[in-house]
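Take a look at the structure first.

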Amino acid sequence: MTYITAALRREVIERANNCCEYCRVSQHDRVMPYEVDHVIAEKHGGVTTTDNLCWSCYLCNGYKGSDIGSVDWDGSGKLTPLFNPRQQQWPEHFMLDTTTAYLQPITPEGRVTVFLLRLNSDEHIISRRLLMQLGLYPCQSPG
Ligand SMILES: [Zn+2]
């Protein structure tokens with residue numbers, strides 16, 4: 001695992017406005033510290049540069065691990081890449097149901113990301129509902 005400098009870490013955090021780039025919850029609203037994630041893991045040849053790094057909460061990063069895709073069981077059944085926050089725009093892949101706090105995937109990449117990162121787990125839904133009531137979700141980050 002490559003060492004991530006403090007300057008690079010700061011750049012990743014500022015670009016994300018301290019929001020998890022997968023589930024869109026702010027670090028300010030979670031106790032456990034967030035992590036710099038290699039979008040394409042080093043084991044797959046991903047490099048430690050800003051265009052391959054993102055800011056991720058411990059839940060998303062924990063479920064993602066070094067994975068870069070999954071099977072689109074609700075769609076084609078084919079191996080499909082995960083949402084890439086460096087190359088894709090979040091609102092084009094996910095839609096928030098403001099009544100249920102459910103994240104509705106819009107694309108195959110959105111579907112496999114919701115599935116693999118368990119973005120609609122009870123923990124995520126309960127947290128999103130509370131943050132929405134407080135006007136703190138979704139966290140405002142570019143993209
Ligand atoms: Zn997250």
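Is cysteine 54 buried or exposed? Cysteine 54 counts as buried, because its relative accessibility is 0%. Note that this is a predicted model. The cysteine sulfur closest to that of cysteine 54 belongs to cysteine 20, 7.0 Å away. That is too far for a bond. A disulfide needs the two sulfur atoms within 2.5 Å.

**The disulfide**

Searching the whole structure turns up 1 disulfide. Its partners are cysteine 19 and cysteine 139, with sulfur atoms 1.7 Å apart. The link between cysteine 19 and cysteine 139 is left-handed, at -65 degrees about the S-S bond. Cysteine 19 sits in the loop between H1 and S1, and cysteine 139 in the segment after helix H4 (122–133), so the pair ties together parts 120 residues apart in sequence.

**The zinc site**

Cys20, Cys23, Cys57 and Cys60 coordinate the zinc ion through their SG atoms, at 2.3 Å. The site is tetrahedral, with angles of 103 to 116 degrees among its 4 donor atoms. Along the chain, the donors follow the spacing C-x2-C-x33-C-x2-C. Cysteine 23 lies in the loop between helix H1 (6–15) and strand S1 (35–38), while cysteine 60 lies in helix H2 (residues 58–64). These two are 37 residues apart, and the pair links distant parts of the chain. Cysteine 23 and cysteine 60 are both buried.

**Burial values**

| Residue | Relative accessible area | Class |
|---|---|---|
| Cysteine 19 | 0% | buried |
| Cysteine 20 | 0% | buried |
| Cysteine 54 | 0% | buried |
| Cysteine 139 | 7% | buried |

Methods
Residues numbered from 1 in each chain as written. Predicted model: local features only at pLDDT ≥ 70, side-chain atom pairs only at ≥ 80, totals over all residues. Heavy atoms only, no water. Donors = N, O, S within 2.8 Å, 3.2 Å for Na, K, Ca; no water. Tetrahedral: all angles 85-135°; square planar, octahedral: opposite > 155°, others 65-115°. Helix = DSSP H or I, 4+ residues; strand = E, 2+ residues; numbered from the N terminus. Buried < 20%, exposed > 50% of the residue type's maximum accessible area, 1.4 Å probe, protein only.
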